Amino acid sequence: MALALTPLHPLFAAQASGIDLSQPLSAADVRAIDAAMDQYAVLVWRDQPLSEDQQVTMAQSFGTLDSALKRLRGAPDRYRHEATIDISNVGIDGQVIDRAHAKTASNIANQLWHSDASFQRPAAKYSMLHAVVCPAEGGDTEFCDLRAAYDALDTSTRQRIAGLQSEHYVLHSRMLLGDTHYNDAQKQMLPPVTWPLVRQHPAGRNVLWVGVHATHILGKTIPEGRMLLLDLLEHATQREFVYRHRWCVGDTVMWDNRATLHRGRHFDLSQRRELRRTTTEDPDSVVAA
Ligand code: OGA
Ligand code: MN
C-alpha cells in the first residue's frame, strides 16, 4: 500500500497510514515519508504497536541515531539500545518513580517548548515518539510550526532579527526549573552551540529558530536577548500555529525538529506514562549557520 495522508491542522501535521512501520521500510517508503515530513513536519501513525527493536530499525532508515542525551543522563535505563530514549516516569525496576526522583525534573523540562537536541551539533532531524502506556487523563504533546511562525512575522521584526545568532545550552531548561544537581563533568559534557535565529529548512522555507534551549543572543546583553527570545517564542507558540496530540497506545508521532517545537502537557505524575523515543541526527547542521 502507498502512504496516505490526512491533514490534522490547517497549517501542518497529518495522520499517516498505508505503511507498516514494524516492517523494514523500502527506499520508496522512506522517500515518500521524507516528502510528507517536508510538507507536514509532523506525522501521526495510529494503532501500530512497535517493539523497541522495530522502532530502532524503523528510525535507522532515516539516518544516524542520536544518543547524546542518554549519555548525559548517565543512569542506566530499561532499554537495550544506546539510542532508545526512555520518555517515561518509570524507573529501572519497572515502577512509577517518586516525584523527587532526579528523572522527574528532566521529564518536566520536556513540558517547555523545545526542539530536541538544538543544544548540540549535529542537532536533531526527526524524532519518533511511540506510546506504550498512556495516562487516563492529560499528558498530551503539542507541536508548533516554526515555518508558519516565521511567515507571520511583520517586516520590522524580520529586519530586527535578520543576521542574529543565539546560543543554545542543554541544561538551560533544567536550570529554569531549579534543577541544579549536575556536576562539572555533566555541565561541560555538551558545550553550548550557536544558531542563526532564522534558519532555512532544506525544503526551502524560513524557520523562526527559537525554543527553551536558547539562552541569549550574541552581541546583546543577556536581559535584552532573553526578552527578545521570549517574545519570539510567544509569537511562535500562538494557538493558530499549534497542533495538540492526544496519545493512544500504539501511536507513533514523527516530527521534524528543524521545523517545529514541541512540549508535553501536564499529567498526574503518579499515573504511568511510557513513551519511547528515537531521534536521528541532522547531518546538515554540522556546519555552523
Ligand atoms: C520528547 C518530548 C514530550 C512529551 O520525547 O522529546 O519532548 O510529551 N516529549 O513527552
Ligand atoms: Mn523533546
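**Exercise 1. The side chain of T260**

Task: In this predicted model, find which backbone oxygen lies 2.7 Å from a polar atom of the T260 side chain, and describe the surroundings of T260.

Solution. 
1. Start at the side chain of T260: one of its polar atoms lies 2.7 Å from the backbone oxygen of D256.
2. Check accessibility. Buried means under 20% relative accessible area, and T260 has 0%, so T260 is buried.
3. List the contacts, leaving out residues up to four places away in sequence: T260 touches F12, A41, V42, S115, C144, L146 and W255.
4. For a distance across the model, take I85: its C-alpha is 19 Å from that of T260, and the two residues are 175 apart in sequence.

**Exercise 2. The manganese site**

Task: Identify which residues coordinate the manganese ion (ligand 2), and state where D116 and H262 sit in the fold.

Solution. 
1. Look for donor atoms around the ion: H114 and H262 each coordinate through NE2, and D116 through OD, at 2.1 to 2.2 Å.
2. Write the donor spacing along the chain: H-x1-D-x145-H.
3. Check accessibility: D116 and H262 are both buried.

**Exercise 3. Ligand 1**

Task: Determine which residues surround ligand 1 and how much of its area the protein buries.

Solution. 
1. Collect the surrounding residues: I87, N110, H114, D116, L129, T141, W255, H262, G264, R273, L275 and R277.
2. Inspect the oxygen atoms of the ligand. A polar side-chain atom of N110 is 3.5 Å from one oxygen atom of ligand 1. The side chain of D116 has an N or O atom 3.1 Å from an oxygen atom of ligand 1. For H262, a side-chain N or O atom is likewise 3.1 Å from an oxygen atom of the ligand.
3. Account for the area: ligand 1 taken alone exposes 290 Å², of which the protein buries 98%.

**Exercise 4. E142 and its arginine partners**

Task: Find which side chains make polar contacts with the side chain of E142, and decide whether E142 is buried or exposed.

Solution. 
1. Locate the residue: E142 is part of strand β6 (residues 141–145).
2. Its relative accessible area is 0%, so E142 is buried.
3. Follow the side chain: a polar contact of 3.0 Å reaches the side chain of R239, and another of 2.9 Å reaches that of R244.
4. Beyond four places in sequence, E142 touches residues including W113, V242, Y243, L261 and H262.

**Exercise 5. The nonpolar cores**

Task: State how many residues the largest nonpolar core has and which element supplies its largest share.

Solution. 
1. Count the members: the largest core has 27 residues, and those with the most contacts inside it are L146, I161, L197, L208, V210, L232 and L261.
2. Assign elements: at least two residues each come from α5 (146–151), β8 (193–196), β10 (206–208), β11 (214–217) and α9 (222–236).
3. Find the largest share: α9 supplies it, with five residues.
4. Examine one member: I161 touches L153, L197, V198, L208, L228 and L232, not counting residues up to four places away in sequence.
5. Note the second, separate core: it has 22 residues, among them I19, L43, A83 and Y126.

Note on methods:
Residues are numbered from 1 along each chain as its sequence is written. Chains are lettered from A and ligands numbered from 1 in the order in which they are written. This is a predicted model: local features need pLDDT of at least 70, side-chain atom pairs count only at pLDDT 80 or more; totals for chains, interfaces and linings use all residues. Side-chain values use heavy atoms; hydrogens and water are left out. Donors are N, O and S atoms within 2.8 Å of the metal (3.2 Å for Na, K and Ca); water is not among the atoms, so sites may look incomplete. Helices (H or I, at least four residues) and strands (E, at least two) are DSSP runs, numbered from the N terminus. Buried means under 20% relative accessible area, exposed over 50%, partly exposed in between (1.4 Å probe, protein chains only). Contact means heavy atoms within 4.5 Å. A polar contact is a pair of N or O atoms within 3.5 Å; within protein, one must be able to donate a hydrogen and the other to accept it, and residues adjacent in sequence count only if both atoms are side-chain atoms. A nonpolar core is a set of buried Ala, Val, Leu, Ile, Met, Phe, Trp, Tyr and Cys residues joined through side-chain atoms within 4.5 Å. A residue is near a molecule or strand if one of its heavy atoms lies within 4 Å of it. Accessible areas come from the Shrake-Rupley method with a 1.4 Å probe; for residues, only the protein chains shown count as cover.
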